[in-house]
Amino acid sequence: ARPCACSAGVRAAAMPRERRQAVQTNAAMYVGYADDDEDVDSIMKKFKALEEVEAKRSAGGADLSEEELVKAVGLRVGCGVDYSMDVDRAGAGGASGSRHRGPKGEHVQTGVVQIVPKHVAPEELDAADAEDAKRRLKAGANYLPPAQRRDEQITMPSLVPLELNKDVVMVELEGVDARCREAAFASLPSSASEEERHAFLDALIRHLRLMAARNTKPTERTLENAARAVVEALEKEKGTTPLKTTSPSRPPTTLLTLDVAKKCAAALTRAVAREKTNSHSTKSQNVVFRVRSKGTGLICVRPGGINKNTYLGAYCGELYPGWRWYEKEAAAQAVRRDVRRDDEVPVFYNAAVERDYDDPRGYDCLFIDGQMKGSILTRASHSCAPNAAMRVRVRDGSYAVEMASIERVEVGDEICWDYRCRTDSEKEMRAALCLCGSRECRVSYLHFAGHDDASFYVKKRGTVAHFTAALLRACGPCGDGRATPNDGSVDAADAAAAA
């Protein structure tokens, strides 16, 4: 979930040392066990001690218990998300499986989440500040956001959230990037229309998700097997019930017949086989026809699916005031810089909840972090063609971030939404490879707001004269004989600035 740029004051006072800390074992994540007044050098000493312990274990030593590890390196571990490729594969519902090692950057591990039904206080936050954050969620008397008044003035929606393992399952998923989809599309026979080829690929990606939901072995979740599954599904229907395209942003009018599916499956299988026989393509960076790990996702298993405009639940997690959230982010950035772990795949679990400007209590902004503790919706993945969306509502007098379906979700479909995140780092944008597999895929799930865009704005609208003009507008009409903003003086200031 997905940071929102907001302004917030930063609290400078250090917080008590005696609180219990949750820690991360990987330098790319926030170092939660560090005290507020602990410097980066001290943090790095802990990492060095931890690396020495892990080196001894790799050399044949026995695994240390948590108590032994605390004694050895002076920190508490066990609840972090590890982006190293020595991954702990999580099964449905977050159950741990066997450990294996893969190439760096190949597997996205999203960790085991503790499911919570409502917001909880972060362990590193003082009780008084945690209570203050809850109070800030309160809305003004009888206040409702304009969108909520408009949507709910006639019918109050049912607020029954999704249930894990009843409506959805939480599983480790694979996806395909835009390059793979384009290559697969090009390999399909030209005798099939463009819409038929897209319908086949939509069905193929859907069967990849179904294979994960059925606990198919990861090694068997391949494009060839998914293509075969599409044909088998149509054969069970004896070709009498053609599949419809599953792209949410397009009307389901394209029919996929058994004959077309067989031709497309055969053509794709041949293309994948040709790539495998090409010795130059054995390196992972040269392989086009492959599925990639995309971390934990939610697959719909509710009989009959989920209708459009259905309430899915609240986005819950650890609730932070703005000043504490930005302290946390600053600490994470400092550690990444010092250990030079800036090549990680960006993963977001935070959402910003903003109190409206026209709320009687005034504007405010808090952050919800669902990384370690959160509702099941914190594991909803990104898609460039989403079937769900976030919205801010007031429930029982407090602001809530909710998710609702914006398209019909069929059994086997993944519940996903558009992160709509921005970054000013081109490197981070390129690392954030989107694996939604939709025909509308934007390649990256981060929007790039580059240096050129910022420079253009500052050059055109960021001069001293423009800032002065904005101040004059804010002052309003003057009663001492000076010109008012309505007589063109401010426009003249803008004209002068532009000149």
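A cavity is a set of points, on a 1 Å grid over the protein atoms alone, where a 1.4 Å probe fits but cannot get out, and its lining residues have an atom within 4 Å of a point. This is a predicted model in which local features need pLDDT of at least 70 and side-chain atom pairs count only at pLDDT 80 or more, while totals for linings use all residues. Residues are numbered from 1 along each chain as its sequence is written, and side-chain values use heavy atoms, with hydrogens and water left out.

**View 1. Here is the second largest cavity, holding about 30 Å³ of space.** Its lining is made of His119, Val120, Ala121, Pro122, Ala130, Ala133, Lys134 and Leu319. Helix H3 (residues 127–136) gives the largest share, 3 residues.

**View 2. Next comes the largest cavity, with about 50 Å³ of space.** Around this cavity sit Val176, Cys180, Arg181, Ala184, Leu201, Leu204, Ile205 and Leu223. Helix H5 (178–187) and helix H6 (194–213) each contribute at least two of the lining residues; helices are DSSP runs (H or I, at least four residues) numbered from the N terminus.

**View 3. Now meet helix H7 (residues 223–236) packed with helix H8 (residues 258–277).** The angle is about 165° and the axes lie 9 Å apart, so H7 and H8 are roughly antiparallel (angles over 145 degrees, on a scale from 0 to 180 degrees between N-to-C directions, with axes fitted to C-alpha atoms over the stretch in contact). Contact (heavy atoms within 4.5 Å) involves residues including Leu223, Ala227 and Val231 of H7 and Leu258, Ala265 and Val272 of H8.

Methods: 1 Å grid on protein atoms, 1.4 Å probe; cavity = no way out; pocket = protein on both sides within 12 Å on 5 of 7 lines; lining within 4 Å. Points joined across faces, edges and corners; volume = space filled by probe spheres on them. Parallel < 35°, antiparallel > 145°, perpendicular 65-115°, else oblique.
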